[in-house]
Amino acid sequence: MGKVSPASFAAKRGKTHTHPEQSNESQKYLRRCAFALFLPPAAPAHHAAPPSLMAAAAEAERVAALLREITGEGGFAFVASAEKAGAGDLRAAEAAREMAWEQLHSGPWSEVGTAWRDAYALACLHVARLRTRTRGASGGGGGGDGDRSAALRALDMGLIMGGNLLRADLEAALARISAEACDGDEGGAGVVDEEDQRWKEALDRNRDIADALKVLPANSLSCKKVERRSCISLEEFICNYFLRDSPVIISGAIDHWPAREKWKDIKYLKKIAGDRTVPVEVGKNYVCSDWKQELVTFSQFLDRMWSTVCPSKLTYLAQHPLFEQIKELSEDIVVPEYCYAGGGELQSLNAWFGPQGTVTPLHHDPHHNILAQVLGRKYIRLYPAFISEDLYPHTETMLCNTSQVDLDNIDFKEFPRAENLEFMDCILEEGDLLYIPPKWWHYVRSLSTSFSVSFWWRAAVQPSGGS
């Protein structure tokens with residue numbers, strides 16, 4: 001598909017006089033196209049309209065308003081393609097999605113307007129609707145599975161890159177496609193058994209401390225260890241750790257999570273999320289020059305996890321709101337009560353999933369953080385916030401929360417103040433929670449295949465910062 005230059009939209013924005021204001025008939029047609037996207041199946045004539053009809057009409061009006069806003073910004077070509085897509089033109093739907101995609105990449109993400117993000121989601125909905133219609137027309141044969149995959153990818157991209165206006169519609173469309181999916185053939189038992197065994201072995205690596213030390217930074221596990229407690233109360237957590245700005249490991253607090261058992265089954269993960277598109281990081285870590293991001297299906301990501309020999313090809317699903325995107329997985333976890341400390345308000349809930357050897361370089365975050373280790377094991381090193389200058393933060397704005405010091409290969413001539421700094425560290429085991437206070441520097445390395453969940457929250461009551 002050909003690329004549409006973002007400049008073409010900018011030029012048209014300055015020439016609105018060449019496109020007179022839409023007529024009433026055009027406005028009606030625009031609303032009809034929007035309405036068709038959300039209209040439920042028609043009820044028999046002798047039945048009253050379903051309750052969802054009013055909601056669909058309201059949603060369609062919002063879409064019509066969005067298209068008017070895009071028209072006002074000069075996106076005439078997008079609106080024209082969206083009109084054709086609403087009338088059933090798949091090629092027009094693909095063209096509209098491409099135009100919106102170009103707008104999303106026309107400048108820094110923070111400067112992308114909400115309307116264009118919503119427009120991208122709308123185009124994704126059109127593509128998915130028309131793809132599933134094509135699949136239905138194929139009678140289950142011909143490119144049916146390909147159309148289903150294309151529809152799922154379009155909806156996932158709408159969730160990942162789109163705005164919030166049509167998020168509920170994207171999620172509803174995903175739920176419909178998932179409900180219609182066939183169970184499929186469970187053949188190849190020998191291959192499945194081999195995959196299960198490989199999965200279990202990957203989760204069980206580096207349990208021996210001597211083996212772990214071979215891959216960890218110098219002096220690991222030789223200084224102060226992070227205190228470990230078992231299932232402490234919220235009150236004790238607040239008094240002894242939260243208010244004192246002090247890290248702590250809490251064991252036994254997530255044993256009731258369904259994820260603790262379900263996610264050990266790779267077939268379960270593939271069934272729930274296998275065909276869904278997710279963003280992954282490829283490379284040693286995000287400060288390396290060869291680091292990049294890609295979009296792959298969850299099954300493709302799982303297949304890549306066996307290739308851990310070359311650091312430049314390590315693939316990591318990092319800091320992604322996976323549980324907003326794939327609701328079934330969110331049902332397997334529970335927000336720990338510790339996240340309500342200080343009148344807490346949850347800011348983000350992210351997944352961190354990858355093979356042995358993935359590294360998050362030394363950095364700090366602005367919020368309180370509970371890191372839940374669901375599968376596998378991780379090494380974590382922590383430095384208090386008050387020694388920030390001795391860790392040489394990057395001067396670039398985008399990396400100002402990241403240290404220039406590479407703990408895996410420290411150059412003390414270049415960073416002399418980093419030598420002999422006191423730190424605390426730990427190995428986070430399956431079922432552990434780690435509390436990381438705001439602005440505490442931390443380095444993280446996966447010792448095995450690992451699936452973690454981070455809960456960031458902002459507190460109304462701030463800790464005193466005592467020790």
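This is a short tour of a predicted model, stop by stop.

**The whole chain**

Colour by burial next: of the 467 residues, 48% are buried. Then turn to contacts between residues at least 6 apart in sequence. Of these, 79% join residues at least 24 apart.

**The largest pocket**

Select E281, W291, Q293, A318 and Q319. Among the 42 residues lining the largest pocket, these are the closest to its centre. The pocket holds about 1300 Å³ of space.

Now show the elements around it. Helices α7 (144-161) and α15 (322-325) each supply at least two lining residues, and so do strands β4 (277-282), β5 (292-297), β6 (315-320) and β8 (359-363). Zoom in on β6, which gives the most to this lining, with 5 residues.

Colour by domain. Domain 1 (29-35 + 50-180) and domain 2 (203-459) each give at least three residues to the pocket lining. Then colour the lining by class: 21 residues are nonpolar, 14 polar and 7 charged.

**The largest nonpolar core**

Select F237, W263, F298, L329 and F353. In the largest nonpolar core, which has 50 residues, these touch the most other members. Another core lies apart from it, with 38 residues, including A82, L104, A128 and L166.

Stay with F237 and show its surroundings. Beyond four places in sequence, F237 touches I232, F242, V248, I250, Y338, A341, Y435 and W457.

**V453 in strand β14**

Move to V453, in strand β14. Is V453 buried or exposed? V453 has a relative accessible area of 0%, so it is buried.

Which residues is V453 in contact with, leaving aside neighbours within four places in sequence? Select W263, F323, I333, L349, N350, I370, L371, A372 and V374.

Now draw a distance from V453 to P321, C-alpha to C-alpha. The two are 132 residues apart in sequence and 9.6 Å apart in space.

**The largest cavity**

The whole structure has 2 cavities of 30 Å³ or more. The largest cavity contains about 120 Å³ of space.

Select W352, N369, L371, H442 and V444, which lie nearest its centre among 13 lining residues. L371 is also one of the contacts of V453. Show strands β8, β9 (368-375), β13 and β14 (450-458): each supplies at least two residues of the cavity lining. By class, that lining has 6 nonpolar, 5 polar and 2 charged residues.

Finish with phi angles. Most residues other than glycine have a negative phi.

Go to L221, in the loop between α10 (209-213) and β1 (224-225). L221 is not a glycine, yet its phi is positive, about 60°.

Then go to K439, in the loop between β12 (432-436) and β13 (441-446). K439 is not a glycine either, and its phi is positive at about 70°. How exposed is K439, and what is its relative accessible area? The area is 42%, so K439 is partly exposed.

Terms used. Residues numbered from 1 in each chain as written. Predicted model: local features only at pLDDT ≥ 70, side-chain atom pairs only at ≥ 80, totals over all residues. Heavy atoms only, no water. 1 Å grid on protein atoms, 1.4 Å probe; cavity = no way out; pocket = protein on both sides within 12 Å on 5 of 7 lines; lining within 4 Å. Points joined across faces, edges and corners; volume = space filled by probe spheres on them. Helix = DSSP H or I, 4+ residues; strand = E, 2+ residues; numbered from the N terminus. Nonpolar A, V, L, I, M, F, W, Y, C, P; charged D, E, K, R; others polar. Domains from an automatic or database assignment. Core = buried A, V, L, I, M, F, W, Y, C linked by side-chain atoms within 4.5 Å. Buried < 20%, exposed > 50% of the residue type's maximum accessible area, 1.4 Å probe, protein only. Contact = heavy atoms within 4.5 Å.
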